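Here is a short briefing for someone meeting this structure for the first time. Points are grouped by topic.

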Amino acid sequence: MTDQKSNAPKVHHAAKRYAQECRKGQLSRREFMTRATALGVAAPAAYGLLGLAAPEAKAQTPQMGGTLRIQMDIKAQRDPRTWDWSELANVCRGWLEYLVSYERDGSVQPVLLESWEANDDATEFTLNVRPGVKWNNGDDLTAEHVAHNIERWCDASVEGNSMAGRMSSISEDGKLRDGAIEIVDDLTLRLHLSSPDIAIIVNMTDYPAAVVHPSFTGDDPVANPIGTGPYRPVSHDTGIGAVIERNPDHTWWNEGNGAYLDRIEFVDLGTDPAAWMAAAEGGEIDMTYQTTGDFVDLLEMIGMPATEAITAATLAVRFNQDNAPYDNVNVRRALQMAVDNQIVLELGYNDRGTVAENHHVCPIHPEYADIGATPFDPGEARAMIEAEGLGDHEFELISIDDDWQAATCDSVAAQIRAAGINIKRTILPGATFWNDWLNYPFSSTEWNMRPLGVQVLNLAYRSGVAWNEAGFANAEFDALLDQANGIPDADERREVMAQIQQLMLDEGVLIQPYWRSLYRNARPNVLNAEMHPTFEVRYQSYGLS
Amino acid sequence: MLLFLARRIGVMLFTALCLTFVVFYLTNLPAKLETLAKTQAGSRISDAEVASWLDRNGYNQPMLTRYGEWLGVVPGWTREEADGGMTGRCYRLADISEPGAAPDRCGLLQGYWGNSTRFRADVADVITARLGATGILMLWVLIVMVPMALLVGVLAGMREGSRTDRSLSTFAIASTATPEYVSGVVFIALLASSAVGISPLLVSWGVIEGPVLFQGNARSALEKITFWNFFLPVMTIALYGMGYVARITRASMTEVMTQQYIRTARLKGVSFPNIVLRHALRNALIAPFTVIMLQIPWLLNGVVIVEVLFSYPGFGWVLFEAAANNDIELLLAASVVAVVVVLLTQLISDIGYVYLNPRIRIS
């Protein structure tokens, strides 16, 4: 996936500046990789800017052949752009590929694109489609096909199409804006953005952005598996499992660089990790999709070492500001002050992560500004709650009955209680929880990571957006965010970001206790299957030794 | 006899009708429909999108109308599509869009069981496939449970108050007092874990090669049943039912053993094994026979827990999945199946009774 032609001569000017900072130690290498590659600098070139050789992708080449059995939920398939679980995408990764991919080192790598360039103010992106890519029905992949997919992503009239929100800078009235895509030639297209958007390429790494053939309609990519990848589905039974095999009638563009396995069997063993454990003990699975809590160690004990991905995934214990008493900023801030995030991390997530600072921007995000955290002061918290006349009020924290999410909320509530504030804990089963979860006054939402800090803020805290269950509506915040979205240079953006983060703290938007590390366990002979920060199961590059 | 059968079938239909209406009502409460829309169209969709999804999929009609649609006594909903084709309940079930091509009514009476929203498949296919899997499990459960229960019950009831009776009764009470979710977990910990229980011991003694004695997960039994992957789920269900049946057999046996004709036989010098086998057994089996038959629908309860615990996708597992995902038509079909199973086993037990006890007549 790295054999693209070098575009080092046209390196984005900001990328060169990042490289300097990275060498000076002002910037971590991971942050540098995310920033530089988002601007269209190829990963080897980006490493080159640092004066380093790109690391060898694989220490050990897997042998050809073999079957890998993976524990993962198998949900009923639907139109890729409406996917709401990474599992849905993972099943199809063998034949539906992406334009670009987000890598474990934080870089964005070209897949079906060969390269891309941004102009200086991030309002125009030129995408170069990889030549020689064929669909498994024999068609060539063209710029037209890519444009068709981008148009599909922009269509907000499709229920649950989450790509529409990610493509807002090229959309208008819920569909692709006229003239937003210019098809230059068969393999080149240009995006004209209505406002600067540094995240547009990074957004195309997200799991609903799978590239489908123009003939794809309806909502089942398994029944109609036309794709560019080396595999094809054999069977797909919701709740039971799915089987994928190498497609013998198709020559993959990346032939020789993957597709080692003959067969991949996904096994859906339900949501109880104890059942996975029993299956692993009986030798029925080789790896887990994701392992949480004590089961990371338990599976290691039975000979399945864990791999870790450090991420900006988190649990947002948010207030809903449309509900009293959480419309009162002092109440929100008081509850924040009653909670020591370090303790929540230890009790709620077994200390498997890093402490966060209640503003939902992570140190691994390139534009993160270190502005300190909410002070921990239970005495002051109690005083503030009493000053608001809520000394006898009983707060209620609602969570789903998921293991670590419930434990995290338990430890948040326990600390609030310890500060002398009445609080009730309610744990709801999934079927009930999801019904009304956007409107619970005080509840928690699991957030997966996004490569850039502005991305989650755009999705979750901008006034009136669909995923804003915090009910946060603040014109100043929106304006600052707009400003940040137009600054391709992360250092300049950091100045705005510092204001944004401070605003999040001043407004007491949420208790965001920690950044999760993610884990996956696999047998020692499974290669290249390390945990991915965005839960990807890229089985086309997995193999057995 | 025919009248009896007809009455029984009438009761069955009426019960099924009542039960499905209750299930239909509960699964069609507005909040439940909202859950359904969210699981189908994405958990983050807005209220307006929920409303439009429900409208487009025919969920916004009065509940009774839709129950009638499901039964097949009311014509299914239809709507003209923008491209000139038609859509509607019957169009979707038959997978056609040409106007007028689909039948008017398409419910249970016409043989349409509907579509499962959780599995995106025909309900009839889902139910038959899963019932088949449960059938195999139940077959093995009965093969293990019935002989064991009868043996324990008869041995215990032969001589009331003896040491054999006391110890077997204790065993039977203990096994029936342990619910499946307890015995299943204990079994897994004891027999299917490489860290605790007896498997590590057996490995260190070199008795077994693999890391565990039995498999604590029965998923692989779906493709190929082996003693090692099927033993634990079968035993978990069988043990629970066994204790109960054994207790009934014992009670029935002790009662028979105090009868006058048994005493007469003993006085005439018939050997004890002969008395038990030839004179007491048949009379003692009348009560257990009914109980075994009634036990079958009761075991369906246990099947839900055991199938979920051992991830064995059978009928109980499907019931669990359908309930957890508010899969309306699948739940309805499952309740019809449950009613049929309950009443059919009762029917068999009533008829079987006549053959075991000639004094009872069905008329």
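**Covered helices of chain A**

Helix H15 of chain A, residues 453-460, is mostly covered, with seven of its eight residues buried. The model is predicted.

- The buried residues of H15(A) are A:Gly453, A:Val454, A:Gln455, A:Val456, A:Leu457, A:Asn458 and A:Ala460.
- Their cover includes strand S18 (442-447), helix H16 (475-485) and helix H17 (490-506) of chain A.
- Helix H8 of chain A, residues 273-281, is also mostly covered: eight of its nine residues are buried.
- In H8(A), the buried residues are A:Pro273, A:Ala275, A:Trp276, A:Met277, A:Ala278, A:Ala279, A:Ala280 and A:Glu281.
- Cover for the buried residues of H8(A) comes from both chains. It includes strand S1 (67-71), strand S13 (287-288) and helix H9 (295-301) of chain A, together with helix H8 (180-191) of chain B.
- Just after H8(A), A:Gly283 has a positive phi of about 75°.

**A four-stranded sheet in chain A**

- An open sheet in chain A has four strands in the order S4-S5-S9-S8, and their pairing is antiparallel.
- S4 and strand S8 (181-185) of chain A are the edge strands, each pairing on one side only.
- From one strand to the next, the twist averages 20°.
- Strands of a sheet pair through backbone hydrogen bonds, either parallel or antiparallel.
- Strand S4 (residues 113-118) and strand S5 (residues 124-129) of chain A pair in the antiparallel sense over five bridges.
- A:Leu113 has A:Val129 in S5(A) as its bridge partner, and A:Ser115 stands opposite A:Asn128 in S5(A).
- The hairpin of S4(A) and S5(A) has five residues between the strands, and A:Ala122 in this hairpin takes a positive phi near 60°.
- S5(A) also runs antiparallel to strand S9 (residues 188-192) of chain A, and five bridges join them.
- The bridge partner of A:Phe125 is A:Leu191 in S9(A).
- Helix H5 (residues 143-154) of chain A lies across S5, S8 and S9 of chain A. This helix runs at about 170° to S8(A).

**Backbone features in the loops of chain A**

- Most residues other than glycine have a negative phi, and most peptide bonds are trans.
- The peptide bond from A:Ala324 to A:Pro325 is cis, with omega near 0°.
- A:Pro325 sits in the loop between strand S14 (306-319) and helix H10 (329-337) of chain A.
- A:Asn350 is not a glycine, yet has a positive phi of about 55°.
- This asparagine lies in the loop between helix H11 (341-349) and strand S15 (353-355) of chain A.
- Is A:Asn350 buried or partly exposed? A:Asn350 counts as partly exposed, because it has 15 C-beta neighbours inside 10 Å.
- A:Phe535 also has a positive phi, near 65°, and is a residue other than glycine.
- The place of A:Phe535 is the loop between strand S21 (526-527) and strand S22 (543-544) of chain A.
- A:Phe535 has 22 other C-beta atoms within 10 Å, so it is buried.

**A helix pair in chain B**

- Helix H11 (residues 260-267) and helix H12 (residues 272-284) of chain B have axes that come within 11 Å and cross at roughly 150°.
- The crossing of H11(B) past H12(B) is right-handed.
- Which residues meet between H11(B) and H12(B)? From H11(B) come B:Tyr261, B:Ile262, B:Ala265 and B:Arg266; from H12(B) come B:Ile275, B:His279 and B:Ala280.
- By class, this contact has five nonpolar, one polar and one charged residues.

**Where the chains touch**

- The contact takes 35 residues from chain B and 25 residues from chain A.
- On the side of chain B that touches chain A, helix H2 (30-41), helix H3 (47-56) and helix H14 (315-324) of chain B each supply at least two residues.
- H2(B) gives the largest share of that side, five residues.
- The residues of this side of chain B divide into 13 nonpolar, 14 polar and eight charged.

Key: Residues are numbered from 1 along each chain as its sequence is written. Chains are lettered from A and ligands numbered from 1 in the order in which they are written. This is a predicted model: local features need pLDDT of at least 70, side-chain atom pairs count only at pLDDT 80 or more; totals for chains, interfaces and linings use all residues. Two residues are in contact if their C-beta atoms, placed from the backbone, lie within 7 Å. Ala, Val, Leu, Ile, Met, Phe, Trp, Tyr, Cys and Pro count as nonpolar, Asp, Glu, Lys and Arg as charged, and the others, Gly among them, as polar. A residue is buried if 20 or more other C-beta atoms lie within 10 Å of its own, exposed if 12 or fewer, and partly exposed in between; C-beta atoms are placed from the backbone. Two strands pair if DSSP finds at least two bridges between them. Axes are lines fitted to C-alpha atoms, for helices over the stretch in contact, and angles run from 0 to 180 degrees between N-to-C directions. A crossing is left-handed if the near helix is turned anticlockwise from the far one by less than a right angle, and right-handed if clockwise.
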